[in-house]
Amino acid sequence: MKSIALVALFLPLAFGAEYLVGVGKDETTGKKGLGFDPSSIHPLSGDVINFEFRSGSHSVVQSSYENPCTSNGGFNSGVITVADDLAVDASGLPSVKLTVNSTEPLWFFDEAGGLCNQGAVLSVNPSQTQTAAGFKENAAKAPATPATSATPSTTEDHSSHASESATGTAPGSSGAAQTSPASNAATKDGAIQFAGIAAVMAMFMGFF
Ligand SMILES: *[C@@H]1O[C@H](CO)[C@@H](O)[C@H](O)[C@H]1NC(C)=O
């Protein structure tokens with residue numbers, strides 16, 4: 001009984017799903033391009049969004065349904081620049097993770113990419129009344145947002161939100177983009193390995 005209870009304790013940790021979202025990747029072509037791939041996801045509380053950055057300068061910035069192309073002061077990945085010669089799904093692309101703490105809708109845009117009006121937006125847990133399509137419509141109507149260069153913008157303090165990214169790439173320091181491998185397979189293997197270790201540990205603790 002004890003071992004079962006312990007396994008039950010470990011399982012949620014091991015299997016909190018990870019949602020891989022490509023930034024600067026066209027979800028319809030699968031190639032480098034505008035926006036997010038996918039552009040709408042439905043994670044549960046405790047799940048993690050793994051933003052993986054493609055070629056060019058991009059930043060994932062939290063906004064609101066009404067003002068898709070304006071920071072709401074929440075999450076900001078900082079500007080991350082990836083060399084143009086890296087393949088769209090090259091291994092070791094820089095990534096920034098964000099843990100989701102509820103199933104309330106969350107809204108994001110690619111501020112540094114500068115194509116919010118053209119649909120560089122991400123809907124997280126859109127609802128019946130606030131839909132992913134509606135968010136894109138609002139983005140199309142929003143005041144145009146110029147692309148920021150690799151140097152941090154002067155009108156916005158990226159560093160103030162640094163603590164919100166779970167695994168850090170130093171926000172704003174584009175040159176030093178992290179190179180930790182972020183492939184889906186590796187993450188999955190890690191989770192399974194961890195689950196195995198947790199289960200074995202729990203069993204031993206139950207026996208002794
Ligand atoms: C969820 O909580 C963590 C820890 O407090 C925080 O770092 C993260 O930004 C939160 N996620 C969202 C989407 O606000």
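This is a friendly chat about a predicted protein model.

Visitor: What kind of model is this, and how are residues numbered?

Guide: Residues are numbered from 1 along each chain as its sequence is written, and in this predicted model local features need pLDDT of at least 70, side-chain atom pairs count only at pLDDT 80 or more, and totals for chains, interfaces and linings use all residues. Side-chain values use heavy atoms, with hydrogens and water left out.

Visitor: How many helices and strands are there?

Guide: The protein has 3 helices and 10 strands. Helices (H or I, at least four residues) and strands (E, at least two) are DSSP runs, numbered from the N terminus. Along the sequence the pattern reads α-β-β-β-β-β-β-β-β-β-β-α-α.

Visitor: And how much of the protein is buried?

Guide: Of its 208 residues, 40% count as buried. Buried means under 20% relative accessible area, exposed over 50%, and partly exposed in between (1.4 Å probe, protein chains only).

Visitor: Let's talk sheets. In what order do the strands of the open sheet stand?

Guide: The order of the 4 strands is E3-E10-E9-E6, with mixed pairing. Two strands pair if DSSP finds at least two bridges between them. Strands E3 (40-41) and E6 (60-63) are at the edges with a single partner strand each, so one side of each has no neighbour in the sheet.

Visitor: How many bridges join E3 to E10?

Guide: There are 2 bridges between E3 and strand E10 (residues 121-124), and these strands run parallel.

Visitor: New topic! How many disulfides does a search of the whole structure find?

Guide: The search finds 1 disulfide. A disulfide is a covalent bond between the sulfur atoms of two cysteines, and here the term is used for a pair of cysteine sulfur atoms within 2.5 Å. Cys69 and Cys116 form the link, with their sulfur atoms 1.9 Å apart. Cys69 is in the loop between E6 and strand E7 (80-82), while Cys116 is in the loop between E9 and E10, so to speak distant parts of the chain, 47 residues apart.

Visitor: Are those two cysteines buried or exposed?

Guide: Cys69 and Cys116 are both buried. Their link is left-handed, with -85° about the S-S bond.

Visitor: What does Pro68 touch?

Guide: Leaving out residues up to four places away in sequence, Pro68 touches Ser63, Phe109, Cys116, Val121, Phe135, Asn138 and Ala139. Contact means heavy atoms within 4.5 Å. Pro68 is in the loop between E6 and E7, and is buried with a relative accessible area of 0%.

Visitor: Back to strands: why is E4 largely enclosed by the rest of the structure?

Guide: In strand E4 (residues 48-53), 6 of the 6 residues are buried, so E4 is largely enclosed. Val48, Asn50 and Glu52 are buried on one side, and Ile49, Phe51 and Phe53 on the other.

Visitor: Which strands do bridges join to E4?

Guide: Strand E1 (residues 18-25) is joined to E4 by 6 bridges, running parallel, and Val23 has Phe53 as its bridge partner in E4. Strand E8 (residues 95-99) is joined to E4 by 5 bridges, running antiparallel, with Thr99 in E8 as the bridge partner of Val48.
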